[in-house]
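Hi everyone, thanks for having me. Today I'd like to walk you through one structure, starting with its rings and ending at its surface. Please have a look at it first.

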Amino acid sequence: MASRFLFFSLFTYLLLSISLAEIHFSEIRSDDRQFIPFDEFGFTHFGRLELNVTNIHLSDPNPDLDRSKIGFFLCTHDSWLHVINQLEDGEITCALQSDLIKPVFTFNDLKKDQTSLSKMISQNDADQYTLVFANCLTSSKVSMDVKSAMYNLDKGGKVRDYLSAGKTILPRVYYLLSLIYFGLAGVWIYVLYKKRLTVYRIHFFMLAVVILKTMNLLCEAEDKSYIKRTGYAHGWDVLFYIFSFLKGITLFTLIVLIGTGWSFLKPYLQDKEKKVLMIVIPLQVVANIAQVVIDETGPYGQDWITWKQVFLLVDVVCCCAVLFPIVWSIKNLREAARSDGKAAVNLMKLTLFRQYYIVVICYIYFTRVVVYALETITSYKYLWTSVVAGELVTLAFYVFTGYKFKPEAHNPYFVVDDEEEEAAVEALKLEDEFEL
């Protein structure tokens with residue numbers, strides 16, 4: 001009973017986290033799972049599902065098998081919760097027996113020696129549905145090749161839209177965001193040109209991060225645009241993964257470099273700071289590999305849950321690792337403020353790094369909380385809002401970082417008078433009360 005409940009909980013989690021929506025080819029080999037979730041899709045009132053299953057093979061060749069207990073069905077998240085209750089209460093013994101699901105077909109439809117089935121159904125009940133394969137015969141393993149296509153039609157019934165109802169505007173959103181970042185890169189280039197006498201190497205690194213983010217968004221826009229029209233990415237997914245990989249590594253590296261004060265406080269990195277980079281960069285490599293596997297295989301893969309856990313673990317470790325250099329810089333500034341006679345300068349730098357520490361924490365964790373909350377509570381028609389919210393927070397982080405660490409021709413840190421110095425000394429006397 002406990003294991004069944006755990007599996008149902010896990011499956012419920014999968015229903016909340018699947019984000020695939022185009023044409024998919026899936027290979028299932030000797031799989032004995034009771035349930036295999038495939039694609040999730042937000043249907044309008046003009047939805048269609050095309051399902052083609054070939055090379056069907058059951059490990060148990062017994063002709064007396066009740067094949068009506070093996071098949072495909074569609075269900076919403078709410079429906080699945082009720083199906084769980086029906087199974088737990090013993091009202092039904094197989095999910096395919098529930099009147100809360102929308103059956104697609106069962107293997108009982110297979111004629112003698114037939115190894116393939118095809119079905120096209122109209123889905124006129126607008127909602128978010130998941131295509132699920134159920135095998136209630138625990139003694140039989142299933143092998144098959146599955147091609148599934150979900151799409152919505154326009155009112156004329158001629159134009160197909162392979163993006164889920166809640167994500168159909170994403171191509172325009174990503175195009176707009178790429179233009180915003182392109183403009184941001186232009187502004188940063190202008191700033192670097194105007195303040196070229198006080199530009200550090202890290203400022204060019206910032207420019208590289210913005211450019212990679214722009215390219216990442218542009219490729220994602222093209223990726224979603226092609227999927228929307230044809231159901232396939234046509235190679236744009238490869239470019240998206242490449243720029244996503246480069247953007248992720250450079251962004252986390254930038255946070256580490258700023259956190260250590262590289263170029264601003266010192267022209268070199270200490271050994272412990274280099275070790276952080278040697279940890280963060282490989283973690284980002286693993287995270288990006290895990291993300292590709294998660295996106296490309298989907299939850300029907302037997303190792304999908306493992307890769308999902310790897311991604312979450314690596315993401316958390318990486319996010320925690322980038323905070324250490326900022327803490328070290330704050331600690332060094334606190335110590336320097338008491339010993340080098342430049343209390344006002346160090347207090348200003350200390351304030352800046354504290355602000356950045358707080359902003360990094362908010363960016364890393366607040367973004368994830370907001371996106372997850374919106375994905376959970378928002379109607380399927382407005383799932384795009386979680387993407388917009390996450391991207392706006394990211395944009396705010398980029399703007400804050402650029403503004404706070406921009407090149408300054410007249411650095412205010414070094415233009416202080418005696419009164420400011422005395423006030424800073426008094427303020428630093430209270431610093432012992434602040435602990436990270």
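Let's begin with the aromatic side chains. If we search the whole structure, 15 aromatic pairs turn up. Keep in mind that this is a predicted model.

Take F72 and F133 as an example. Their ring centres are 5.0 Å apart and their planes meet at 55°, so this pair is tilted. Where do F72 and F133 sit in the chain? F72 belongs to strand β4, residues 70-75, while F133 belongs to strand β7, residues 127-135. That puts them 61 residues apart, so the pair links distant parts of the chain.

Are these two buried or exposed? F72 has a relative accessibility of 0%, so it counts as buried. F133 is buried as well, with a relative accessible area of 1%.

F133 has another partner, F107. Here the centres are 5.8 Å apart with 45° between the planes, and this pair is tilted too. F107 lies in the loop between β5 (102-106) and β6 (117-123), and F133 is in β7, so the pair ties together parts that are 26 residues apart in sequence. Both F107 and F133 are buried.

Ring pairs can also join up into a group. Y181, Y356, Y363, F397, Y398 and F405 are linked that way into a cluster.

Two of those names, F397 and Y398, come back among the buried residues of helix α10. Others on that list include V387, A389, E391, V393, L395 and T401. How does the span of α10 compare with what 1.5 Å a residue gives? The helix has 21 residues, 384-404, and should span 30 Å; its end C-alpha atoms are 30 Å apart, so the two agree.

The charged end of K406 sits over the ring of Y403, 3.9 Å from the ring centre. Likewise, the charged end of R229 sits over the ring of Y226, at 4.7 Å from its centre.

With a relative accessible area of 40%, I242 is partly exposed. As a reminder about helices in general, an α-helix has 3.6 residues a turn, so residues three or four places apart point the same way.

That's my tour, and I'm happy to take questions!

Methods. Residues are numbered from 1 along each chain as its sequence is written. This is a predicted model: local features need pLDDT of at least 70, side-chain atom pairs count only at pLDDT 80 or more; totals for chains, interfaces and linings use all residues. Side-chain values use heavy atoms; hydrogens and water are left out. Buried means under 20% relative accessible area, exposed over 50%, partly exposed in between (1.4 Å probe, protein chains only). Rings of Phe, Tyr and Trp (its six-membered ring) pair if their centres lie within 6.5 Å; planes under 30 degrees apart count as stacked, over 60 as edge-to-face and the rest as tilted. Helices (H or I, at least four residues) and strands (E, at least two) are DSSP runs, numbered from the N terminus. A charge sits over a ring if NZ of Lys or CZ of Arg is within 6 Å of the ring centre and within 35 degrees of the ring normal. The expected span of a helix is 1.5 Å times one less than its number of residues.
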